[in-house]
Amino acid sequence: MEIPVIDLSQLEGENRSKTMALLHQACEKWGFFQVENHGLEKKLMDKVKQLVNAHYEENLKESFYESEIAKGLMKKGDVDWESSFFIWHRPTSNINEIHNLSENLRKVMDEYIAQLIQLAEKLSQLMSENLGLDKDYIKESFSGAKGPSVGTKVAKYPECPRPELVRGLREHTDAGGIILLLQDEHVPGLEFSNDGGWIKIPPSKNNTIFVNTGDQVEVLSNGRYKSTLHRVMAGKDGSRLSIATFYNPAGDAIISPAPKLSYPHNYTFQDYLKLYATTKFSDKGPRFEAMKKMANGHSNHGV
C-alpha cells in the first residue's frame, strides 16, 4: 500500500487541483502523508539530524542504558523504549534552558524551525481550503493571544536487545494539530493504523517530511480529517532518530468544530419535513444550511 506523497511544487500550474485532491484524500482516509519539494533546505535538515545524533551519543546514550527502563526491560510494563526531550519554540522558546545543547545545535534548530513553521502554515492553509473554509481558518483557530503553539519532541529509539518485550512508543494519537516529522534515513520502526492493520512507515528518503494530523484537526474538521493511531516498534538493528515538530493550538485557544462543517442540530423533525417538502429533489447541502439557520434562530429566541 503506497503512502500518499504530496509534491508541493505541483501546486503551481495545471496539476494544482489534482494535488489538492490527493492531499484531501490523504487527510480524510489516512491521516498521514509524505511531503516533498516543501521548501526546506536539505543542508539544514541534514545538519539538524547530524547534531541531534551527536548530542545523543555524547550526552544521553550512556545514561539511557543505565536507566531503570533499560535495566528493567525483562519486567515489561507501561514504559517506552526511548530517550527524548522537548523544546518549546512558540510563543516563547526554552531552547537556551536545555542542558548540554551545543550553541551550534541551538542555532541550527532555530533556523530549521523558522522554515518548518512556514511549511506548517502552508499545509494548514491548504487543508482549510480543501475543507471549504477561509484559508487562515486553522491558523486562526489555533491562535491564542500570541499565535499557535509550536514545540519539538527530539527522540532516539535506541537499539533494544529484546524488542519483543517493549514498544519504542506505545499506541496513541497525537493530541495537537499538524505534526511534521524529520526522521531517520536508515532505521525503521514507525507504524500507523489503517484499515484494521498496521502500515510500516519506511525511513525518510529524498529529503521528505512525514506529516500526520492530530486530535484537534479532527475536531475542527468535524471528523472529516482523521487523527490516526500510531506507534514505534523497538528494534535490534540500530537506533532510530525522530524529530517531531507539533504545530498546535495555543493553550488558551478555544477549539470547536468549524460551524460550516457541522450538521444542523436542535431542530424538530416536523420542521425538517416542511422544508423537505419543497426541496426534496434539490441537493441536501443547502437544506442542512437552512436548518442550521432555523435552529440558531430558535436558540436565539430562547426556544
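Entry 1: I started with His 38, and its side chain has a polar atom 2.5 Å from the backbone oxygen of Asn 207. A polar atom of the His 38 side chain also lies 3.1 Å from the backbone nitrogen of Leu 40. This is a predicted model, so I'm reading everything here as a prediction. Where does His 38 sit? I found His 38 in the loop between strand 2 (32-36) and helix 2. Buried or exposed? His 38 has a relative accessible area of 10%, and the cut-off for buried is under 20%, so I noted it as buried.

**Entry 2: an asparagine in a strand.** Next I looked up Asn 248, which has its place in strand 11. Its relative accessible area is 16%, so under the 20% cut-off Asn 248 goes down as buried too. A polar atom of its side chain lies 2.9 Å from the backbone nitrogen of Gly 177.

Entry 3: Does the length of helix 4 agree or disagree with what its residue count should give? Helix 4 covers residues 103-130, which makes 28 residues, and at 1.5 Å a residue I should get a span of 40 Å. The end C-alpha atoms are 41 Å apart, so the two agree. After the helix comes Gly 132, and I wrote down that its phi is positive, near 80°.

I then checked the record for this stretch. An unreviewed UniProt entry annotates residues 102-129 as "coiled-coil region". In the model that span is 96% helix and 0% strand, and its end C-alpha atoms lie 40 Å apart.

Entry 4: Now for the gaps. Rolling a probe the size of a water molecule over the atoms shows where empty space is left. I counted one cavity of 30 Å³ or more, and the largest cavity holds about 30 Å³ of space. Its lining includes Val 52, His 55, Phe 85 and Lys 156. Which element gives the largest share of that lining? Helix 2 does, with four residues. Strand 3 (83-90) and strand 4 (149-157) each supply at least two as well. By class I have six nonpolar, two polar and one charged.

**Entry 5: the open spaces.** The largest pocket has about 270 Å³ of space. Among its lining residues are Arg 224, Tyr 263, Glu 289 and Lys 292. Sorted by class, that lining is three nonpolar, four polar and five charged residues.

The second largest pocket has a volume of about 210 Å³. It is lined by 18 residues, and Leu 169, His 172, His 230, Ser 242 and Ala 244 lie nearest its centre. Strand 11, the strand that holds Asn 248, gives the largest share of this lining, four residues. Strand 5 (167-172), strand 7 (190-194) and strand 10 (230-233) are among the others that each supply at least two. By class, I wrote down eleven nonpolar, four polar and three charged residues for this pocket.

Conventions:
Residues numbered from 1 in each chain as written. Predicted model: local features only at pLDDT ≥ 70, side-chain atom pairs only at ≥ 80, totals over all residues. Heavy atoms only, no water. Expected span 1.5 Å × (residues − 1). 1 Å grid on protein atoms, 1.4 Å probe; cavity = no way out; pocket = protein on both sides within 12 Å on 5 of 7 lines; lining within 4 Å. Points joined across faces, edges and corners; volume = space filled by probe spheres on them. Nonpolar A, V, L, I, M, F, W, Y, C, P; charged D, E, K, R; others polar. Buried < 20%, exposed > 50% of the residue type's maximum accessible area, 1.4 Å probe, protein only. Polar contact = N/O pair within 3.5 Å; in protein donor to acceptor, adjacent residues only side chain to side chain. UniProt positions renumbered as here; feature names shortened; annotations may be inferred.
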